[in-house]
Amino acid sequence: MKKFLSIALALVLMAGVFAACGDKPESGGTTDPTPPASSSAAGDTIKIAIIGCHTGEYAQYGLGVKNGATLYIDQLNASGGINGKQVEIVAYDNKADNQEAINAFNRAVDQDGITALIGDVLTGNTIAVGGEAYKINMPMITASATAEAVTYDAETDTVYANIFRTCFIDPFQGEKMANYASEKLGAKTAAIIYETGNDYSVGVKDAFIATCSALGIEIVSEEGYATGDVDFKSQLTTIASKNPDVVFCPNYYEDDGLIVTQAREVGVDAVFMGADGMSGVSGYASAADAEGTLYCSGYAPGSTDAVKAFEAAYTEKYSAETLNMFAATAYDAAMVLCNALQVAEEAGLTAGTDEYKQAVIDAIRDKSGELECITSNGYTFDAHNNPVKDACIMKVVEGTETFVENY
Amino acid sequence: MKRNQMLIPMPLRYLINAVLFAAFLWIMNSLITGGAISRYHSGIISSIGISIILAVSLNMATGYLGQLPLGHAGFMALGAYTSALIMKSAAAAKGLESALGASYAAYFFPAALVAGGLAAALFALLIGMPALRLRGDYLAILTLGFGEIIRVVLLNIDNVLGFKLTNGAAGLQKIPTTTTFLFTFIFVGITCFVIHTMMKSRHGRAILSIRENEIAAESCGISTTYYKTLGFVVSAFFAGIAGGLYAGNVGILNPSSFGFMKSIEILVMVVLGGMGSMLGSVLSASVLTALPELLRSFAENRMVVYSLVLVIVMIFKPTGLMGTYDFSLNGLLDKLILKLKGGNARFQKGGPDE
């Protein structure tokens with residue numbers, strides 16, 4: 001019996017190999033239920049892909065992006081789509097892995113025949129996918145990848161003209177927060193605690209330090225920690241002994257929550273500041289510990305009527321847990337992209353052709369200024385394809401993250 | 001024993017395999033360049049090739065040598081960064097492209113891969129020499145630590161050096177994507193060939209004897225430290241080559257891609273396929289690389305299916321799918337010839353030599 005089972009299993013697995021190897025592409029198509037028989041993009045629908053990390057540690061970002069963009073596209077489809085054509089979404093999970101991200105993108109292009117991409121979510125994945133997308137000039141708009149290198153290669157001075165984003169870049173956030181600390185909080189000294197294994201943390205931190213030195217804020221302590229650390233007390237004790245005015249922690253929300261909690265235990269009473277990765281921190285630290293913590297965000301819950309309408313529609317369809325800043329920027333990204341697709345459609349171009357892709361790219365760059373988006377009144381893009389927009393300053397007050405002002 | 005008698009002479013046996021493999025390469029390559037296999041599928045096939053090299057090379061240390069290295073991803077990372085840095089500087093040297101033409105990468109890539117392999121082998125030698133003098137689990141702990149050290153060094157070395165080498169957490173970007181199907185599978189062939197012939201040689205027998213009983217092997221006059229180090233270094237060398245191919249396939253390297261879980265992933269391939277079976281390693285590396293892609297349509301549930309397959313196999317076949325069985329095409333042909341020779345082949349058991 002066991003022997004029979006093991007042989008059966010071996011056969012099943014081997015069948016898997018041959019189907020996947022693509023020895024026979026036609027059988028590869030039939031074993032897989034999702035990809036439709038035709039891979040051409042023409043027809044009654046316009047296909048776009050949403051790729052991101054929908055599972056794992058950073059799923060909150062990936063799902064927010066997926067839901068936010070899907071929400072807009074569903075609304076658009078309900079109101080007639082683009083010139084009568086429905087927009088169809090293919091959504092793939094990349095498990096926050098570069099190789100998986102590239103596989104998912106290639107699948108979307110080759111099997112599904114997409115005309116544009118919303119994604120990727122994490123910076124490293126987006127750079128990996130961006131490299132592939134640049135080769136074929138595929139219009140791509142990310143709602144969450146904030147590193148400068150996503151749209152611009154400093155080594156060769158190349159701008160990736162096909163890649164856009166609706167979130168800020170890392171240096172922009174570091175600059176904003178340093179300016180805010182100096183101007184609004186009157187800070188003279190600052191300490192930093194950041195994740196050394198995280199390019200997002202390092203990018204924001206570097207810009208913060210550069211702006212601080214220009215503004216005359218003294219960095220009294222710069223502490224790093226490794227990815228996965230949960231005990232930050234040795235670093236925080238050092239910071240406590242320097243007694244800084246503000247502590248800047250440009251990390252993701254889970255770590256920031258632990259850091260704030262432990263900092264209060266070792267006697268750090270400074271104001272904590274962070275960047276948009278801190279969004280959601282109130283779920284990971286007690287109200288008393290996190291009180292007064294500030295971060296900048298591309299999105300403030302309940303700040304305007306447009307935002308309120310978006311939130312109502314979002315929570316009606318999806319869980320409120322994934323309603324974060326990236327859900328809002330993804331909604332904007334979908335709006336910017338669909339507007340550009342409409343321009344290309346109206347020009348009478350055929351989906352999938354080089355002219356079509358170029359028309360979409362041009363339209364994203366030039367025709368997004370008038371859109372009534374929810375996190376910004378229109379998007380304009382600078383020479384490096386980075387959006388020019390305001391930041392919302394957010395503050396934790398009695399355990400809830402509240403909007404302070406647009407700065 | 002008559003049963004193991006070889007009816008096909010030795011050089012011919014290699015020739016048959018070589019011709020078949022070359023035919024496989026040629027057919028697949030013309031399918032890919034001809035566009036019959038899409039970029040998506042050929043990308044996955046390349047990933048499968050890389051996984052095969054990783055699993056087969058780890059099988060050398062785990063299955064044949066009987067050690068338990070837990071830092072295979074560390075050696076992979078060394079190879080990946082070494083060859084990526086070489087390819088990046090080759091791409092930056094503009095003169096090369098004009099001198100050698102647009103295909104200059106084809107000249108440099110194999111050299112870069114071998115350099116990556118050598119870098120991994122060097123470090124394997126350095127940590128293997130002290131660790132493999134000892135018996136037991138020391139190598140597991142040591143390689144576990146080593147893999148983590150490599151990852152942390154790659155993350156932070158820029159701060160120490162004061163210039164950009166690995167580009168830290170942001171990752172080494174814009175690596176020329178030179179990995180093709182042909183490159184990958186030529187190296188798959190080389191890996192399998194070298195490890196197979198090595199295991200059939202005197203060195204390989206010595207390595208197997210260490211797995212079976214280290215004390216007995218030593219009492220027979222086998223230098224256990226030498227052979228353990230040899231097996232370990234060869235294993236690391238091919239892991240380095242696989243790393244180089246990975247770098248050329250993805251185009252961006254983050255130290256986080258080479259964490260402990262990556263080492264475990266490779267180990268799972270070896271254990272699932274059967275420790276000590278090259279065929280098992282090849283099969284399970286192929287399946288475990290392709291499976292998550294096949295299950296992509298199941299989205300969130302695919303990791304559950306993947307885990308279930310592992311659990312079921314381990315319950316019903318704890319030695320792995322193939323155990324220690326290894327497939328030999330020529331062995332099969334031998335049997336076929338015996339059968340064709342007619343019923344009397346059966347009665348020739350213990351019969352006269354030819």
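Analyst: The model is predicted. A106(B) belongs to helix α5 of chain B, which covers residues 104–131. T180(B) is 74 residues away from A106(B) in sequence, yet the C-alpha atoms of the two are 10.0 Å apart in space.

Chain B also has a pair of helices in contact. Helix α3 (residues 72–92) and helix α6 (residues 138–161) of chain B have axes that come within 8 Å and cross at roughly 35°. On the α3(B) side the contact is made by A73(B), G74(B), A77(B), L78(B) and Y81(B), and on the α6(B) side by F146(B), G147(B), I150(B), R151(B) and L154(B). Sorted by class, this contact of α3(B) with α6(B) has 7 nonpolar, 2 polar and 1 charged residues.

Chain A brings in strands. An open sheet is formed there by 5 strands with parallel pairing, in the order β2-β1-β3-β4-β7. The edges are held by β2 (86–93) and β7 (163–165) of chain A; each has a single partner strand, so one side of each is left without a neighbour in the sheet. On average, neighbouring strands of this sheet are turned by 25° against each other, direction ignored. The partner of β2(A) is shown by the pairing with strand β1 (residues 45–52) of chain A, which is parallel and runs over 8 bridges. I50(A) stands opposite A91(A) of β2(A).

Two helices of chain A lie across strands of this sheet. Helix α3 (residues 59–78) of chain A lies across β1, β2 and β3 (116–118) of chain A, at about 170° to β2(A). Helix α4 (residues 98–112) of chain A lies across β1, β2 and β3 of chain A, and runs at about 170° to β1(A).

Further along chain A, strand β10 (residues 246–248) and strand β11 (residues 271–274) run parallel and are joined by 3 bridges. F248(A) has M273(A) of β11(A) as its bridge partner. Between β10(A) and β11(A) the chain passes through helix α9 (residues 253–265) of chain A, and this β-α-β crossover is right-handed. β11(A) is also joined by 2 bridges to strand β12 (residues 294–297) of chain A, again in parallel. There, G274(A) has Y295(A) of β12(A) as its bridge partner.

The average pLDDT is 84, and 89% of the residues score at least 70, but over residues 16–42 of chain A pLDDT stays under 50.

Conventions. Residues numbered from 1 in each chain as written. Chains lettered and ligands numbered in written order. Predicted model: local features only at pLDDT ≥ 70, side-chain atom pairs only at ≥ 80, totals over all residues. Axes fitted to C-alpha atoms, helices over the stretch in contact; angles between N-to-C directions. Helix = DSSP H or I, 4+ residues; strand = E, 2+ residues; numbered from the N terminus. Contact = placed C-beta atoms within 7 Å. Nonpolar A, V, L, I, M, F, W, Y, C, P; charged D, E, K, R; others polar. Pairing = 2+ DSSP bridges. pLDDT = per-residue confidence, 0-100. Right-handed = clockwise from strand over helix to strand, strands pointing away.
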